[in-house]
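Subject: Handing over a structure, with notes

Dear colleague,

Please find the structure below, followed by what I found in it.

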Amino acid sequence: MIRKLTEDLTRQANLPTTYAPSFDIAAVVSGEARLTDEQFLELYQHAALTQLGNWAFGVVQRLHPQDYRTYVIDRNINYTNICTARCTFCAFKRNDPQAPDAYALGYEAIHEKIAELVAIGGTQILMQGGMNPDLPLSYYQGLLTSIRDRFPQVHIHAFSPPEFVEFSRFFRLPVGELLRMFKDWGLATVPGGGGEIFSDRVRLRIGPGKCTGEQWLDVMTEAHKLAMHTSATMLIGHIETIEDRLDHLSRLRQRQDWSLAHAPAHYTAFIHWPYQPDNTPLDKKRKWNPDAGQPFEFDEGRTVRLADASEYLCMLALARLYLDNFQNMQSSWVTMGAKIGQLALFFGANDMGSLMMEENVVSSAGTTHRVNEAQICRLIRDSGWIPAQRNQYYTVLQRHDGPDAPDLQPREPGVFAHRQHKITPEEAVAYKTIPLGIKVGGSVGS
Ligand code: SF4
């Protein structure tokens with residue numbers, strides 16, 4: 001019986017690095033045993049961060065013994081910010097369609113964005129929006145078919161499960177039928193946006209108006225049945241407890257087991273990131289004080305416990321150990337910054353995720369980390385691997401081990417050496433303006 005967790009107090013204390021799990025952790029790392037829920041909680045409560053990193057890295061090395069680590073070049077297109085939901089962690093949505101900055105993009109504007117992506121060697125779009133009740137089904141048909149016809153080489157990774165659940169309500173069609181129609185029109189894969197935390201007690205408080213966790217999972221299972229791969233996400237660092245996170249991972253693992261056994265597609269990757277508080281209603285809530293001597297507990301959503309870098313890495317390592325049926329884990333450098341994103345490669349991630357040309361959701365919440373292709377390659381190379389551009393199916397498109405690698409070119413303004421911890425004022429100015437210097441934000445649900 002796992003005793004009542006006082007995880008935060010325990011984790012704040014000086015944890016001995018000599019902690020030995022009560023179970024055979026080597027068997028988990030080698031893939032011979034599956035981490036149980038109780039073992040997960042034991043590790044969270046007692047293991048030092050460095051231990052978790054070592055074990056998770058062992059899993060990554062087993063699953064990905066190659067000499068490279070990957071990234072993808074895509075563009076996040078948020079086709080509308082008008083939304084029927086009122087997620088309290090969201091600074092992006094506009095509930096009033098008449099708001100001066102409410103928008104829905106026309107096809108031409110979206111095509112221009114895709115043309116810019118193609119011009120820099122990008123291979124896919126991540127297209128998600130608010131849940132806009134004013135857009136007819138024909139908008140989506142025209143959008144998808146026009147992209148497919150004009151840019152047949154571009155992979156369309158679009159429309160998260162909450163959008164499909166709302167589409168089902170708007171258009172009075174079952175989700176499975178909508179997925180089939182969208183696939184016929186050009187949709188290739190479904191991003192894991194809107195996963196947040198599945199537990200109802202959390203979800204009802206942070207995501208009013210959004211689908212339930214079970215509905216989210218059902219959409220993905222329907223997609224898998226139709227041979228459409230998907231990704232999975234988790235948002236940490238708000239009102240959830242470690243048990244809520246474990247419940248989320250457990251439901252993903254069970255659904256993945258089913259899809260791998262019974263469906264022609266499955267989840268290709270897991271991505272998690274911490275809640276970004278700026279400009280969001282949830283930021284007005286009381287913040288849990290780790291120095292006050294009280295453990296964090298769920299209190300009907302009245303208190304927020306933000307997740308810092310160590311908590312992010314801890315959860316990455318635990319997810320890598322627990323989700324033994326997920327092949328890929330992405331680093332969330334977008335929310336954590338380049339250096340923690342790089343460190344993530346040693347805590348469970350095998351992929352740097354997306355080098356985004358554009359992002360509007362995380363950046364609305366005050367997070368503005370930027371990386372360009374040269375820098376992402378440098379982060380990977382400095383970590384000991386060859387950088388490689390991949391597609392949505394994790395197939396390597398291009399290894400960068402020759403002299404023409406993006407990070408091995410003569411330095412241009414804005415491409416600073418990552419071993420330098422400071423850039424010059426001139427570079428800082430240039431860095432903000434170079435075209436490829438990506439107005440980044442995050443892979444919210446990539
Ligand atoms: S997170 Fe997505 S579903 Fe929630 S309010 Fe923002 S745009 Fe809408």
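β2, helix α6 (residues 137–150) and β3 form a right-handed β-α-β unit, where right-handed says that, with the strands pointing away from the viewer, the path from the first strand over the helix to the second runs clockwise. The helices (H or I, at least four residues) and strands (E, at least two) named here are DSSP runs, numbered from the N terminus. Please keep in mind that this is a predicted model, in which local features need pLDDT of at least 70 and side-chain atom pairs count only at pLDDT 80 or more, while totals for chains, interfaces and linings use all residues. Residues are numbered from 1 along each chain as its sequence is written.

Within that unit, β2 and β3 pair in the parallel sense over 4 bridges, pairing being assigned if DSSP finds at least two bridges between two strands. I125 of this pair stands opposite I156 in β3. Both faces of β3 are covered, with H155 and H157 on one side and I156 and A158 on the other, all of them buried. A residue is called buried if 20 or more other C-beta atoms lie within 10 Å of its own, exposed if 12 or fewer, and partly exposed in between, with C-beta atoms placed from the backbone.

Strand β1 (residues 68–78) is mostly covered, since 10 of its 11 residues are buried. β1 pairs with strand β2 (residues 124–128) in the parallel sense over 5 bridges, and the bridge partner of R75 in β2 is I125. β1 is also joined by 4 bridges to strand β10 (residues 386–390), again running parallel, and there T70 stands opposite A388.

Elsewhere in the chain, an open sheet of 3 strands has the order β4-β5-β8, with parallel pairing. Its edge strands are β4 (230–236) and β8 (328–329), each of which pairs on one side only. Between β4 and strand β5 (residues 267–274) there are 7 bridges, and A232 has F270 as its bridge partner in β5.

Some loop residues also deserve a careful look. Most residues other than glycine have a negative phi. F159, however, has a positive phi of about 65 degrees although it is not a glycine, and this residue is found in the loop between β3 and α7. F159 counts as buried because 24 other C-beta atoms lie within 10 Å. A227, in the loop between α10 (213–225) and β4, likewise has a positive phi, near 65 degrees, but A227 counts as exposed because it has 10 C-beta neighbours inside 10 Å.

S160 is placed in the loop between β3 (155–158) and α7 (161–171), and it is buried because it has 28 C-beta neighbours inside 10 Å. The C-alpha atoms of S160 and P191 are 5.4 Å apart, although 31 residues separate the two along the chain. D278, in the loop between β5 and β6 (286–287), counts as exposed because it has 12 C-beta neighbours inside 10 Å. Its C-alpha atom is separated by 9.3 Å from that of C90, which is 188 residues away along the chain.

Which residues are around the ligand? They are C83, A85, C87, C90, F92, K93, G130, M131, P162, G207 and K210, where a residue is near a molecule if its C-beta atom, placed from the backbone, lies within 6 Å of it. This shell divides into 7 nonpolar, 2 polar and 2 charged residues, where Ala, Val, Leu, Ile, Met, Phe, Trp, Tyr, Cys and Pro count as nonpolar, Asp, Glu, Lys and Arg as charged, and the others, Gly among them, as polar.

For the chain as a whole, the secondary structure comes to 17 helices and 11 strands, and 49% of the 446 residues count as buried. The average pLDDT, the predictor's confidence in each residue from 0 to 100, is 88, and 85% of the residues score at least 70. Over residues 427–446, however, the pLDDT is below 50, so please read that stretch with caution, pLDDT being the predictor's confidence.

With best wishes

Technical notes: Contact = placed C-beta atoms within 7 Å.
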